[in-house]
Amino acid sequence: MMRSKYDTEEMISAMQLLKDVAGTKFYPGFASSHSDPENRIENIKKAIKRIRR
């Protein structure tokens, strides 16, 4: 995304939107086909931090 000049922070906003729309309808990670958006947000933040070093 960074090489294509996309704002990587917008991915966090997209996950927040998904979280808001879905509400609390999430199963634990091991029982879900998609991880909880909060977990995704944290993973995205970690990846952005790691890549920007």
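Buried means under 20% relative accessible area, exposed over 50%, and partly exposed in between (1.4 Å probe, protein chains only).

**Figure 1. Overview of the predicted chain, with 2 helices and 0 strands.** The model is predicted, so local features need pLDDT of at least 70 and side-chain atom pairs pLDDT 80 or more, while totals for chains, interfaces and linings use all residues. Numbering runs from 1 along each chain as its sequence is written, and side-chain values use heavy atoms, without hydrogens or water. Helices (H or I, at least four residues) and strands (E, at least two) are DSSP runs, numbered from the N terminus. Of the 53 residues, 13% count as buried. The chain has an accessible surface (Shrake-Rupley, 1.4 Å probe) of about 4600 Å². Carbon and sulfur atoms account for 55% of that surface.

**Figure 2. The largest nonpolar core.** The residues are I12, M15, I41, I44 and I48, 5 in all. Both α1 (9–22) and α2 (37–52) supply at least two residues of this core. The most comes from α2, with 3 residues. Core members are buried Ala, Val, Leu, Ile, Met, Phe, Trp, Tyr or Cys residues joined through side-chain atoms within 4.5 Å. I48 is in contact (heavy atoms within 4.5 Å) with T8, E9 and I12, leaving aside its neighbours within four places in sequence.

Figure 3. The 14 residues of α1 should span 20 Å at 1.5 Å a residue. Its end C-alpha atoms are 21 Å apart, which agrees. A14 is found in α1. This alanine is partly exposed, at 34% relative accessibility. From A14 to I41 the C-alpha to C-alpha distance is 9.2 Å, and the two residues are 27 apart in sequence.

**Figure 4. The salt bridge between R52 and E9.** The chain has 2 salt bridges (a side-chain nitrogen of Lys or Arg within 4 Å of a carboxyl oxygen of Asp or Glu). In this one, the side chains of R52 and E9 meet at 3.4 Å, N to O. The pair joins distant parts of the chain, with R52 in helix α2 and E9 in helix α1, 43 residues apart. R52 is partly exposed, at 49% relative accessibility. E9 is also partly exposed, with a relative accessible area of 34%.

**Figure 5. The salt bridge between E38 and K19.** Their side chains meet at 2.5 Å, N to O. E38 belongs to helix α2 and K19 to helix α1, so the pair links distant parts of the chain, 19 residues apart. At 28% relative accessibility, E38 counts as partly exposed. K19 is partly exposed too, at 27%.

How values were computed:
Expected span 1.5 Å × (residues − 1).
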